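Please find my notes on this model below, as numbered points. They cover the sheet, the helix packed on it, the core and the confidence scores.

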Amino acid sequence: MQTLVAAPKVNLAPVFETSNGSVYQSDNENCWYVDFAGKFARFDYRCMMKLKKAVLGIDIEALLLATDKAPDVEIVFICACDHCYVLTLLEIIAFKELLEGTFVMLELNRIIHDRVYRLAF
């Protein structure tokens, strides 16, 4: 007889969403899930910050103005993380928009939380 073990239920709360992707937060696992470029990836806090730094650090203007015959793709690889993205210029712009919006929403949530609990006590 086979024993089945049910996987723990993961509650994903949407943090930010665009037409190109979305970011979800899991309070049970203390992580974020990024749904972008056909990939649904899990990131802890450290890897999410590294992802933000790597993507926001890409100089789109330099890539657009480059006259060499290099392909217009960028590989985003994060050390100590299992995920890698190969993105075109348009995908980089969309990913930047997604990550910037995500961190604005997280900061807004922190500000609201601080204000509410400061007034409550």
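1. In what order do the 4 strands of the open sheet run, and is the pairing parallel or antiparallel? The order is β1-β2-β3-β4, and the pairing is antiparallel. Bear in mind that this is a predicted model.

2. β1 (13-17) and β4 (39-43) are the edge strands; each has a single partner, so one side of each has no neighbour in the sheet. On average, neighbouring strands of this sheet are turned by 20° against each other, direction ignored.

3. The pairing of β1 with β2 (residues 21-26) is antiparallel and spans 4 bridges. Within the pair, Ala13 stands opposite Gln25 in β2.

4. Helix α1 (residues 45-56) lies across β2, β3 (31-36) and β4. Its direction is at about 120° to β4.

5. The largest nonpolar core has 26 residues, and those touching the most other members are Val34, Phe43, Met48, Leu51, Tyr85 and Phe95. Two or more residues each come from β3, β4, α1, β6 (84-88) and α3 (89-120). The most come from α3, which gives 8 residues.

6. Which residues does Leu51 contact, leaving aside its neighbours within four places in sequence? They are Phe43, Val76, Ile78, Tyr85, Phe95 and Leu99.

7. On confidence, the chain averages a pLDDT of 88, with 90% of the residues scoring at least 70. Confidence is highest in β2, at 96, and lowest in helix α2 (residues 60-65), at a mean of 89. Where pLDDT is low, the predicted coordinates should not be read in detail.

How values were computed: Residues numbered from 1 in each chain as written. Predicted model: local features only at pLDDT ≥ 70, side-chain atom pairs only at ≥ 80, totals over all residues. Heavy atoms only, no water. Pairing = 2+ DSSP bridges. Axes fitted to C-alpha atoms, helices over the stretch in contact; angles between N-to-C directions. Contact = heavy atoms within 4.5 Å. pLDDT = per-residue confidence, 0-100. Core = buried A, V, L, I, M, F, W, Y, C linked by side-chain atoms within 4.5 Å. Buried < 20%, exposed > 50% of the residue type's maximum accessible area, 1.4 Å probe, protein only.
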